[in-house]
Amino acid sequence: MGLGLSARRRGDLDTAERHLRAWLDWCRQWQGDPGAALILAELGFVAELRGDPETALDLHREGLEAALATSDKRAVALALEGLAGAYAGAGDHRTAARLLGAGSAARDAVNAPLPAGERGDVDRITAAARRALGADAFADEFTKGRLEAADAPITALHPPGQKSRP
C-alpha cells in the first residue's frame, strides 16, 4: 500500500495502480471497507491524473460507498475530495467546489483537518476550480457545499449508485 501511495505522489501512475489494485483485491476478499475506501480514492486520483474523469468518477463513487459503510467522516471527506477532482477534470468546477466544501465540512465535523503534508490533491483541485470560476464564485460554491453537507446526508449530495457522468 505504501509503495502505491509513494508511486502516485512521485507521478509513477502505472506502478501506483499495480500496487493499489493488488491491495484492493485483498481488501475486497476480506470485506475491508476502510482499506477499500482509501485504495479506491487513490485509484481515482490515478485516473484523474491520467486525464480520465469518467473512470475517476466511477472509482470515487465506489470509494464513497465504501467510506459510507465505515461511518468514518475522514474517509467520506476523502471520497468527496476525490469526486471533486473527477468533476474538475471533466470541467464541472461548480460541482467540484461544492464537493470540496462538503469534504471540508465532513473533516470539521470530527475535528480532523487535512494535514499540510497531505493537502496536495485538495490544493491541486482547489486551484483548478478557483482558476476556472474565479475566487468569489469558488468561495460561494464551496460555502454551498459546506451548508449542503450540514443540512443533508452525504448520500443526498451524491448518491453512491448514481451513474451519471459529469
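Trp26 counts as partly exposed because its relative accessibility is 44%, where partly exposed lies between buried, under 20% relative accessible area, and exposed, over 50% (1.4 Å probe, protein chains only). The model is predicted, so that local features need pLDDT of at least 70 and side-chain atom pairs count only at pLDDT 80 or more, whereas totals for chains, interfaces and linings use all residues. Residues are numbered from 1 along each chain as its sequence is written, and side-chain values use heavy atoms, with hydrogens and water left out.

Trp23, found in helix α2 (residues 13-29), is likewise classed as partly exposed, because its relative accessibility is 38%; helices are DSSP runs of H or I with at least four residues, numbered from the N terminus. The structure holds two aromatic pairs, and one of them joins Trp23 and Trp26 in an edge-to-face arrangement, with 5.6 Å centre to centre and 75° between the planes. Rings of Phe, Tyr and Trp (its six-membered ring) pair if their centres lie within 6.5 Å, and planes under 30 degrees apart count as stacked, over 60 as edge-to-face and the rest as tilted. Because Trp23 and Trp26 are three residues apart in helix α2, about one helical turn separates them.

In helix α7, the buried residues are Asp121, Val122, Ile125, Thr126 and Ala129. Seen down the axis of α7, these buried residues fall within an arc of 125° and therefore line one face of the helix, the arc being that of the directions from the helix axis to the C-beta atoms. The exposed residues Gly120 and Arg131 are carried on the face of α7 turned away from its buried side, and α7 is followed by Gly134, whose phi is positive, near 90°.

Methods: Helix = DSSP H or I, 4+ residues; strand = E, 2+ residues; numbered from the N terminus.
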